[in-house]
Amino acid sequence: MRSLLLAVLAAYVVSAIHSVLAFVNKRRALQRVSDWAMATGFVLHTAALVADWFVDGHYPLFYLRETLSFLAWTLVGSYALVRYRYGAHALGSLTLPAVSLLVFLALLIGSPGGTQEPGFSGTWLFPVHTTLLLFAYAAFFVVFVASVMYLLQERELKLKTFSAIFHRLPSLITLNEIATSAAATGLALLTIGIATGMLWSSSRYGLLWHNDPKEIFALLTWLLYLLLIIYRSTAHWRGRSAAWLGVAGFVLVLFTFFGARWMGGYHVFG
Amino acid sequence: MSIVLVGVNHKTAPVEVRELLAFSEEACAEGLRALVDGEVVSEGLIVSTCNRVEILTATTSGRIKESRERITNFVSQSRSLPHDLFRDHSYSHIDDQAVRHIFRVASSLDSMVVGEPQVLGQVRQAYSVALEAGTAGRVLNRLIHQAFRVAKRVRTETGIAANAVSISYMAVELGKKIFGSLKGQSVLLVGAGEMAELSARHLINAGVSRVLIANRTEESSERLAKEFGGEAVNFERLADYLPDADIVVCSTGAGEYVVTANMARKALNRRRNRPAFFIDISVPRNLDPAIGDLPNAFVFDIDDLESVISSNIREREREAERAELIVDSEVMQFQQSLRVMEIGPSLGALRQKLQDLARSEMIRQRNRLGHLTPEQESAIEALLLSTVNKISHPLIDRMRRSFDGGDNESIQAWREVFDLED
């Protein structure tokens with residue numbers, strides 16, 4: 001499936017470059033190229049994942065390589081939704097390079113040789129658990145990007161000095177809406193994701209909670225986004241403070257995703 | 001065929017001169033018919049706006065000086081002005097300079113405010129007057145249509161018209177950066193000055209649905225309320241209306257702060273921290289600058305707006321440099337298409353001449369051939385014509401290429417050899 005993934009990478013790189021150029025030059029033609037390249041990449045990527053599933057015989061979300069590729073796929077899906085719903089293509093100039101990087105890393109790591117077959121592919125709960133969590137991470141990435149853009153733009157409006165990027169960003173209200181709905185979606189996914197993980201764990205080990213670093217960080221993440229949602233919905237926090245929380249939340253997500261790997265524990269992968 | 005343009009604009013002539021030179025629409029049509037004589041000047045068009053008067057003509061090559069003189073005289077006479085007045089303030093451009101000038105005018109690169117959209121409409125209007133007067137022929141048709149295309153390219157491919165360069169429009173642009181769409185937003189006008197009125201008009205055009213007007217003298221707020229379909233509200237109860245307003249435009253003559261930081265803080269709390277946009281176009285300022293320190297409040301006073309505008313103008317000027325490149329390449333294209341347009345008929349005529357020659361030779365020698373079947377007759381004709389064509393084809397091809405390439409020396413040589421018309 002390596003060649004297919006290479007094609008995916010090529011499409012995403014084309015899309016990312018055009019998206020960044022469109023952001024800098026404000027050219028609609030470039031944006032169209034970016035959109036089409038992304039759509040092509042997404043279709044190929046979906047095909048690659050399905051093909052992986054059939055060829056390798058397990059849900060393509062187990063090894064780090066697979067996880068990175070899958071994460072890239074969820075990111076593209078989330079960005080495409082935001083792009084369609086809010087027309088906020090400015091987000092693409094940050095998302096698409098990240099996506100390209102993830103696919104590149106997935107290619108670089110390659111297959112571990114397939115010696116260690118995942119032993120728990122038997123139950124459907126496990127893939128549901130991992131898939132939901134990856135979608136939650138993607139949603140939180142959208143929150144993060146929208147929050148960063150919000151903070152940049154808010155700062156320029158307060159200081160009344162506008163840099164070149166000012167005119168390329170979506171409006172404050174739009175960014176706020178994107179962050180709010182993405183955070184709500186992310187939290188819902190995270191909740192069900194954690195719940196299915198617990199169910200799966202209890203059915204396999206008879207234990208709901210292992211107290212490993214990843215679980216603790218996931219819980220912290222969950223609490224933080226819950227706080228964010230509560231604050232946003234009661235409208236005590238809007239704008240800056242909520243945006244900062246969106247950034248902080250993503251740092252925690254990164255830590256949950258990557259950091260916990262190096263701290264050991266029984267969660268073996270992303 | 002040459003293109004000659006004579007004109008004045010805001011850079012070469014002060015408004016006192018420009019207003020004397022301006023042509024009304026009727027004067028344009030009438031003047032064009034007088035100017036175009038079919039001998040020196042074969043086509044004409046007049047663009048007359050408050051910032052410029054441009055006389056654009058297609059004239060016979062080699063009589064450029066004459067035509068320039070004719071245009072200058074025409075303007076002076078038809079406006080009944082001393083001859084020197086127009087000549088002293090005008091510029092004249094010939095061929096690719098003239099083409100470049102009209103492209104720049106249509107794309108608003110030559111405007112006082114670079115990128116302003118009106119001038120294209122004015123050129124369009126001037127063209128339709130010339131069409132009606134019957135003075136726009138194949139050269140100007142092609143030139144003006146290409147000018148429209150250049151203007152469109154410049155508008156879509158560069159950011160020349162992207163950012164606001166007037167205070168009243170700035171309110172709309174910044175409002176959009178905060179609220180996204182202005183549809184359904186409400187605006188509160190504090191004070192009913194001219195600038196506030198203008199801003200309100202722009203905001204309403206951009207979709208603001210509710211207008212509240214608070215003014216010390218009730219008559220003016222009532223008048224504005226009627227005009228905008230808004231509501232006049234009690235100036236003393238300003239604080240009560242503040243939370244309803246997404247955008248506040250302040251322009252009273254008051255000597256103190258009309259909206260204090262405290263009032264704004266309460267309003268923002270009542271708005272549940274929805275952002276609010278305050279514009280202060282009054283001097284001395286009517287909005288406490290401390291409002292700007294409150295979260296979700298964005299305050300712009302007149303100096304802030306001016307400085308954003310000047311940075312926007314700089315941005316437009318940077319984009320204008322990119323636009324000039326587009327104009328350059330379009331000028332080259334036009335020159336080429338003009339050459340093809342000019343030479344097309346002459347080359348056709350040349351081929352026709354050679355073919356006629358072949359046919360007349362055939363008629364001269366026909367008797368000597370005796371009786372021929374119709375098939376034989378047409379075979380002989382085909383033989384003659386194809387020989388002529390085969391021999392002349394590389395020749396005509398070469399000629400066309402030297403015309404396309406603008407190789408003046410060879411063009412002159414071809415003209416002399418084949419006795420081609422200009």
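This section describes the helices, sheets and selected residues of chains A and B in a predicted model.

The model is predicted, so local features are given only at pLDDT of at least 70 and side-chain atom pairs only at pLDDT 80 or more, whereas totals for chains, interfaces and linings use all residues. Residues are numbered from 1 along each chain as its sequence is written, chains are lettered from A and ligands numbered from 1 in the order in which they are written, and side-chain values use heavy atoms, without hydrogens and water.

Chain A contains 8 helices and 0 strands; helices (H or I, at least four residues) and strands (E, at least two) are DSSP runs numbered from the N terminus. Of the 270 residues in chain A, 51% are buried, where buried means under 20% relative accessible area, exposed over 50%, and partly exposed in between (1.4 Å probe, protein chains only).

Helix H6(A) comprises 34 residues. From its first C-alpha to its last, H6(A) reaches 48 Å, close to the expected 50 Å, the expected span being 1.5 Å times one less than the number of residues. Gly206(A), with a positive phi near 75°, follows H6(A). Leu208(A) is found in the loop between helix H6 (172–205) and helix H7 (213–234) of chain A. The relative accessible area of Leu208(A) is 48%, so this residue is partly exposed. Together with Trp209(A), Ile216(A), Leu219(A), Leu220(A) and Leu223(A), Leu208(A) forms a nonpolar surface patch with about 500 Å² of accessible area. Patches are made of residues with over 30% relative accessible area and no salt bridge, with like charges joined within 9 Å and nonpolar side chains (Val, Leu, Ile, Met, Phe, Trp, Tyr) within 5 Å. A salt bridge is a side-chain nitrogen of Lys or Arg within 4 Å of a carboxyl oxygen of Asp or Glu. Accessible areas come from the Shrake-Rupley method with a 1.4 Å probe, and for residues only the protein chains shown count as cover.

In chain B, an open sheet of 4 strands has the order E2-E3-E1-E4 and antiparallel pairing; two strands pair if DSSP finds at least two bridges between them. Strand E2 (41–48) and strand E4 (91–94) of chain B each have a single partner strand, so one side of each lacks a neighbour in the sheet. The twist from one strand to the next averages 15°, with axes as lines fitted to C-alpha atoms and angles running from 0 to 180 degrees between N-to-C directions. Strand E1 (residues 2–9) of chain B is joined to E4(B) by 4 bridges, and Val4(B) stands opposite Ile94(B).

An open sheet of 6 strands in chain B has the order E7-E6-E5-E8-E9-E10, with parallel pairing. Its edges are strand E7 (231–233) and strand E10 (297–301) of chain B. Neighbouring strands of this sheet are turned by 20° against each other on average, direction ignored. Strand E6 (residues 210–214) of chain B pairs with E7(B) over 3 bridges, and Glu231(B) is the bridge partner of Leu212(B).

Several loop residues of chain B have particular backbone angles. A cis peptide bond, with omega about -5°, joins Val283(B) and Pro284(B); Pro284(B) is in the loop between strand E9 (276–280) and E10 of chain B. Ser80(B) has a positive phi near 45° and is exposed, with a relative accessible area of 63%. Ser108(B) also has a positive phi, about 65°, but is buried at 0% relative accessibility.
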